[in-house]
Amino acid sequence: MSDKSHWEKIYTNKRPAEVSWHQTHLEKSRELIRATGVGHDAKIIDVGGGASTLVDDLLADGFRHITVMDISPTAIQSAQARLGARAREIVWLEADATRGSLPAHHYDVWHDRAVFHFLTDAKDRRRYVDNVSHALKPGGYVIVATFGPNGPLKCSGLDIVRYTSEQLHAEFGEDFQLLRSAVEDHVTPAGKHQEFVYCCCRKR
Ligand SMILES: C[S@@+](CC[C@H](N)C(=O)[O-])C[C@H]1O[C@@H](n2cnc3c(N)ncnc32)[C@H](O)[C@@H]1O
């Protein structure tokens, strides 16, 4: 099964609030985006945003240039339906984060919660990081959240890679400066605890 058909199946068979990674609000992500200090004109991309409500919260926070990218059109449609007329204020991209299709030096903030950790092949991770380098403005921020060293070995039934903040920063390399990191105890809708590690790095 390709990645796309895996995610299409998930979003077709489960409601957004039933998936293990669901949070009513992505507070840690929102906090880290605010901590960058970028203004409301900042271009922000939520990569693998799925059906999450981060986009709703970023609109509520006053950000005006938001892009949501996901490999699953069903996830995108779900977020669009929830937003109603406000969906027209967002740029929606059905795309794969390991394939190049984004404009150069365009975004001020790249956000990814629970996508990078699915990249178990080093070549895919390299392509993903190349995409971040290509699409972020110099001085732009990349915020990535993965399962931490005490987190589960699988997510959504797929193998993942767990990271400490240092290991996650190392994937991005010296072209990126690690600014801050955080650990979160995520409680799934089924009541299981999952350790997430968040990193915010700045492109030099
Ligand atoms: C675990 S979910 C996380 C969703 C959301 N970020 C959140 O925290 O609620 C992973 C998301 O990444 C998307 N995805 C998986 N692989 C992807 C890829 N290579 N490129 C873009 N999106 C991808 C999936 O469709 C899914 O919506």
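A residue counts as buried when its relative accessible area is under 20%, as exposed when that area is over 50%, and as partly exposed in between, using a 1.4 Å probe and protein chains only. The structure described here is a predicted model, in which local features need pLDDT of at least 70 and side-chain atom pairs count only at pLDDT 80 or more, while totals for chains, interfaces and linings use all residues. Residues are numbered from 1 along each chain as its sequence is written, and side-chain values use heavy atoms, with hydrogens and water left out.

Asp70 belongs to strand S2; strands (E, at least two residues) and helices (H or I, at least four) are DSSP runs numbered from the N terminus. Gly49 sits 21 residues from Asp70 in sequence, and their C-alpha atoms are 6.0 Å apart in space. Leaving aside residues up to four places away in sequence, Asp70 touches several residues, including Gly48, Gly49, Ile76 and Glu94, where contact means heavy atoms within 4.5 Å.

Aromatic rings come next. The structure holds eleven aromatic pairs; rings of Phe, Tyr and Trp (its six-membered ring) pair if their centres lie within 6.5 Å, and planes under 30 degrees apart count as stacked, over 60 as edge-to-face and the rest as tilted. What kind of pair do Trp110 and Tyr128 form? Their ring centres are 5.5 Å apart and their planes meet at 75°, so the pair is edge-to-face. Because Trp110 lies in strand S4 and Tyr128 in helix H5 (residues 122-135), this pair ties together parts that are 18 residues apart in sequence. Trp110 is buried, at 0% relative accessibility, and Tyr128 is buried too, at 0%. Ring pairs also link Trp110 and Tyr128 with Phe116, Tyr163, Phe172 and Phe176 into a cluster.

Another ring has a charged neighbour. Arg113 lies over the face of Phe196, at 4.6 Å from the ring centre; a charge sits over a ring if NZ of Lys or CZ of Arg is within 6 Å of the ring centre and within 35 degrees of the ring normal.
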